[in-house]
Amino acid sequence: MAAAGACLFPSGLSPALRRRGGAPAAASSSQNPKLRSSLTSRCAVSEEQASSASPGTTIPPSRPVSFGEYGTRYEKDASYRSSSTPFMEDVELESGRERLRRFFDQAKDLTRSDGGPPRWFSPLECGSRLEKSPLLLYLPGIDGTGAGLTSHHKKLGKLFDIWCLHIPIMDRTSFPDLVKMVDRTVKSENCRFPNRPIYLVGESLGGCLALAVAARNPDIDLLLILANPATSFDKSQIQALLPFLELMPEQLHLSYPFILSLMAGDPSRTFKASTEKGLTPQQTAGELSKNILTMSSYISVLADVLPKETLLWKLQMLKSASAYPNLRIHAVKAQTLLLTSGKDWLLPSQAEGARLNEALQRSSIRKFDACGHFLFLEDGFDLITIIKGVGFYRRGKGLDYVSDYLPPTPTEYRNVNESNRWFNEITAPVMLSTLEDGRIIRGLDGIPSKGPVLYVGYHMLLGLELVPLVSGVLNQRNIHLRGIAHPMLFEKYRKGQTLDPQFFDTFRMMGALFSSKSHILLYPGGMREALHRKGEEYKLFWPEQSEFVRMAVKFGAKIVPFGTIGEDDFGEVFFDYDDQMKIPYFKNWIQQLTEDNGKVRSNAAGEVANQDVHLPWIRPKVPGRFYFCFGKPIETAGRKRELKDREKCHELYLQVKSEVESCMAYLREKRESDPYRSIFSRWMYRATHNSASEIPTFEP
């Protein structure tokens, strides 16, 4: 084996081994036995290829092949999903301290006996991945090791074919030549797999590299993920320090502690994490002292990874690297995700992210106010969760909301559930369902466990019922509801919209559109119900045509009508669409929002066609309680012939609509006898009972 950290490939064609000027492509394992023993479990390139490549020779293109500890081929074709759970397989996130340790461990391995030109390596620890996974090329920052994503490899490796760029310590390849190298890789891989997208994940300097390559390849299907790109280096205060760094003796190089502090992130976050664990002040002080000692031990490693000459070279390179893509930004057609930090002391990243978001043609931005420059090393930062939330993962030319959908992991769901716990506490939802014999019971035992199932109901004001509904069904029945949603949830955020784009990330991650054997949530009234006018609460605005019945019949899906009430106990609309359209300022704003987000059902008849995007003003009330009632499931399997008749189909449609109205009428009547409808009575109950106990309600 000959490698450092994974499958290594020099800079020519992406999978080929090429040597420049007789320089070895990688340190031979026979020359360095210690390297073999420490790295073969994680990395390799075949010895035949390494030994047979003579100067100026290019091995015929082939995929980077990973080998296990004993040289066995490791096939990456297993599915990541489990049929017994609605969740995606979880991978435990490492702490910030552990991430830093792993980064330096791999950096040491990669730079040991380092030499030769820049090259790619493919981490073996990624394991099995999804079929037809897209290619992900990681472009590192000024460290050049390619180890920046080390703590994310296992999660990313389930979804991507990962290649990381490694730039040896003493390599002096110019920025334009690095661009050409990555450009050759992109063109080669696109030629071999023209229908597979290529992700360029660039960090700092790597962000400039990704933009430059994208500008050269406007017709190739590229997706860029840029973490604090260094395109704003000309505005960085570090430029003023360059003359002092050049004069400073290497023994007293104060830049290493500074860089190390950037990598460690905000120390106050460590203190906060310790207090959240319930540690005593003495234990917290001990943790901080341990962190300081650990960090000091990394200075020597950092000095090996970035010796003075290399550091100065990289900083000088940043000048040309930042200018290169800025001159070509208009040529970038790639879909781009910008990740910016609020506590980046090296670059003005958030201001630069806003500038790039305006300049790029297809971009989204996510801000991390508490994070530093080295975003991927930050405690709690999860790249896959962000990709899923933004809806940035696809395996083909276009995004398929069904086959490209990635379920949440248990950890992601717990985080979402925890962040919404306060809302569930305030609403204290009551869940009722109907058994086969028609009896209504508390709990969800009456809903089907096997899909496909279509849940059809009333959309409460602003969709307030979604959080308790989805979390309640998942908690009680381990069923993951997937919603059919308005296109605005999947469109690019535009300046002037009502909500920050990150507001929608949770909904995107929790699912969208139809899937085989899924449990699908549908609101026929859509936005018209969710943004209703004054006095229209609990009124259905359904299309005149039976939109969903034929689809349910085609797949043999059960239809479960349900009603939900409680919005009138939380607020009242006092400035609605009709009022706003009378004022020119609001009228223009509504028309612009509707045009930007797309108007659906414009050809439909009736009020359901009036789905202009606006935000009703609501007068809050003392919180009451949310109530849900699921009606008796309606079977469609075996009724294809019967329901081919348009009249029969419409009869079933009206039956479902009537059931939804009956469920709401039932709840509105029964809630009057709920002794815990008021939040004050529920607080009294909580004060006198176990906090985990279920709050009683009326007898069904």
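How many salt bridges does the structure hold? It holds 27. The model is a predicted one.

## Salt bridges

Start with Glu-536 and Arg-528. Their side chains meet in a salt bridge, at 3.0 Å from N to O. Glu-536 has a relative accessible area of 14%, so it is buried. Arg-528 is buried too, because its relative accessibility is 2%.

Next comes the pair of Asp-579 and Lys-534. The closest N and O atoms of this salt bridge are 2.9 Å apart. The pair links distant parts of the chain, 45 residues apart. Asp-579 sits in helix H21 (residues 577-580). Lys-534 sits in the loop between helix H19 (526-530) and helix H20 (549-555). Asp-579 is buried, because its relative accessible area is 18%. Lys-534 has a value of 40%, so it is partly exposed.

Asp-234 and Lys-235 also pair up. Their side chains form a salt bridge of 3.9 Å, N to O. Lys-235 counts as exposed, because its relative accessibility is 52% and the cut-off for exposed is over 50%. Salt bridges can also join into a network. One such network links Asp-568, Asp-569, Arg-671, Glu-672 and Arg-677.

## A covered helix

Helix H6 runs over residues 205-216 and has 12 residues. From first C-alpha to last, H6 reaches 17 Å, close to the 16 Å expected at 1.5 Å a residue.

Is H6 mostly covered or mostly open? It is mostly covered, with 11 of its 12 residues buried. Among the buried residues are Leu-205, Cys-208, Leu-211 and Val-213. What do the buried residues of H6 pack against? Their partners include strand E3 (135-139), strand E5 (198-203), strand E6 (222-227) and helix H12 (308-326). E4 and H5 are also among the partners.

## Two loop residues

Thr-173 lies in the loop between strand E4 (161-166) and helix H5 (175-192). Thr-173 is buried, because its relative accessible area is 9%. Its side chain makes a polar contact of 2.7 Å with the side chain of Asp-171.

Arg-196 lies in the loop between H5 and E5. Arg-196 has a relative accessibility of 10%, so it counts as buried. The side chain of Arg-196 makes a polar contact with the side chain of Glu-189, at 3.1 Å.

## A nonpolar patch

Which residues make the nonpolar surface patch? They are Val-622, Phe-680 and Trp-683, and the patch covers about 350 Å². Phe-680 belongs to helix H24 (residues 679-688). Its relative accessible area is 48%, so Phe-680 is partly exposed.

Methods
Residues numbered from 1 in each chain as written. Predicted model: local features only at pLDDT ≥ 70, side-chain atom pairs only at ≥ 80, totals over all residues. Heavy atoms only, no water. Patch = residues over 30% accessible without salt bridge, like charges linked within 9 Å, V, L, I, M, F, W, Y side chains within 5 Å. Areas by Shrake-Rupley, 256 points an atom, 1.4 Å probe, with all protein chains shown as cover. Salt bridge = Lys/Arg side-chain N within 4 Å of Asp/Glu carboxyl O. Helix = DSSP H or I, 4+ residues; strand = E, 2+ residues; numbered from the N terminus. Buried < 20%, exposed > 50% of the residue type's maximum accessible area, 1.4 Å probe, protein only. Polar contact = N/O pair within 3.5 Å; in protein donor to acceptor, adjacent residues only side chain to side chain. Expected span 1.5 Å × (residues − 1). Contact = heavy atoms within 4.5 Å.
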